[in-house]
Amino acid sequence: MINIIVSQGRIADRANGMIKGAAMTAKAFAIQYGIKPVYLGTPSPARHDDWSESLPEAKETLTLLKSELQNIIEKGHIPVVLNNTCSASLATLPVIAEENENVVVLWIDAHGDFNLPQTSTSGYLGGMVLAAASGLWDSGHGAGIKPENIVLVGARDIDDQEAALIRRSGVRIVSPSEVSEERILKEIGSAKVWVHIDWDVMEPGYLPADYTVPGGLVPSQIRSILSAIPRSSYTGLEIAELNASDDEKVNEKALSLIIEMTDPFFIKQQTEY
């Protein structure tokens with residue numbers, strides 16, 4: 001059984017459309033698959049602040065996310081987590097690691113998100129998530145992910161110091177041109193896998209997302225990744241960073257495309273036994 005969690009409290013959001021984007025995606029999934037989402041956190045306006053300010057502000061929402069995810073896993077259900085920002089993974093990844101210490105994290109994102117507070121040039125909390133989950137700095141929300149079990153899929157915008165840390169830590173990278181079903185299955189092997197998708201991984205123009213970078217993935221690649229992974233390998237799916245537009249026609253088109261890309265995951269969980 002799939003359970004859907006939706007993050008609605010500000011977690012370092014720098015654009016007001018992120019919280020709306022997560023809620024819209026939840027509504028679309030609820031209609032498509034008949035799954036009632038659980039909404040966590042209280043929305044507040046976006047700000048361009050530093051991680052040292054946004055992290056303590058997000059504590060309540062991160063704590064709620066962690067608790068709800070633990071409840072779902074304890075029931076033996078499959079979680080789908082819809083986050084406003086990647087920063088929310090500060091709560092989810094340690095829970096997944098606690099459940100399975102050898103879990104592979106398939107981080108489908110244009111960025112490495114492997115900065116440390118002292119190496120980040122932007123101060124954005126979302127750019128430090130994987131380093132925190134690997135225990136390279138203390139977010140206050142746990143760690144446990146093995147860096148050699150992190151696979152950056154579609155990453156192409158990585159800071160110099162971040163790149164050096166990625167190499168030293170054994171994090172793997174699959175560039176957009178290297179993405180194929182065969183390559184993804186090779187990277188996962190026989191391990192359980194947690195799939196995270198940040199919509200900035202896409203080639204700009206497909207979805208409304210911040211921090212977009214040219215040379216990204218196309219919808220068929222996302223769909224093929226989710227199709228290739230065996231049902232038994234999934235520990236869950238996490239989606240973040242849909243920056244909802246003020247134009248509802250743009251949003252409708254985006255949600256239709258998201259359903260098209262992620263449908264293989266839902267079909268597997270609901271029908272493949």
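User: Which residues of α8 are buried?

Analyst: The model is a predicted one, and in it helix α8, which spans residues 219-228, is mostly covered, with seven of its 10 residues buried. Burial here requires a relative accessible area under 20%. The residues of α8 that count as buried are P219, Q221, I222, S224, I225, L226 and A228.

User: How many aromatic pairs does a search of the whole structure find, and how many residues apart are Y33 and F266?

Analyst: The search of the whole structure finds seven aromatic pairs. One of them is formed by Y33 and F266, whose rings are stacked at 4.1 Å centre to centre with 5° between the planes. Y33 belongs to helix α1 (residues 17-33) and F266 to helix α9 (residues 248-271), so that the pair links distant parts of the chain, 233 residues apart.

User: Is Y33 buried or exposed, and what is the relative accessibility of F266?

Analyst: Y33 has a relative accessible area of 12% and is buried. F266 also counts as buried, its relative accessibility being 0%.

User: What is the geometry of the aromatic pair formed by W51 and W137?

Analyst: W51 lies in helix α2 (residues 51-57) and W137 in the loop between α5 (129-133) and β5 (150-153), so their pair ties together parts that are 86 residues apart in sequence. W51 counts as partly exposed at 21% relative accessibility, whereas W137 is buried at 10%. With 5.4 Å centre to centre and 70° between the planes, the pair is edge-to-face.

Note on methods:
Residues numbered from 1 in each chain as written. Predicted model: local features only at pLDDT ≥ 70, side-chain atom pairs only at ≥ 80, totals over all residues. Heavy atoms only, no water. Buried < 20%, exposed > 50% of the residue type's maximum accessible area, 1.4 Å probe, protein only. Helix = DSSP H or I, 4+ residues; strand = E, 2+ residues; numbered from the N terminus. Phe/Tyr/Trp six-rings, centres within 6.5 Å; stacked < 30°, edge-to-face > 60°.
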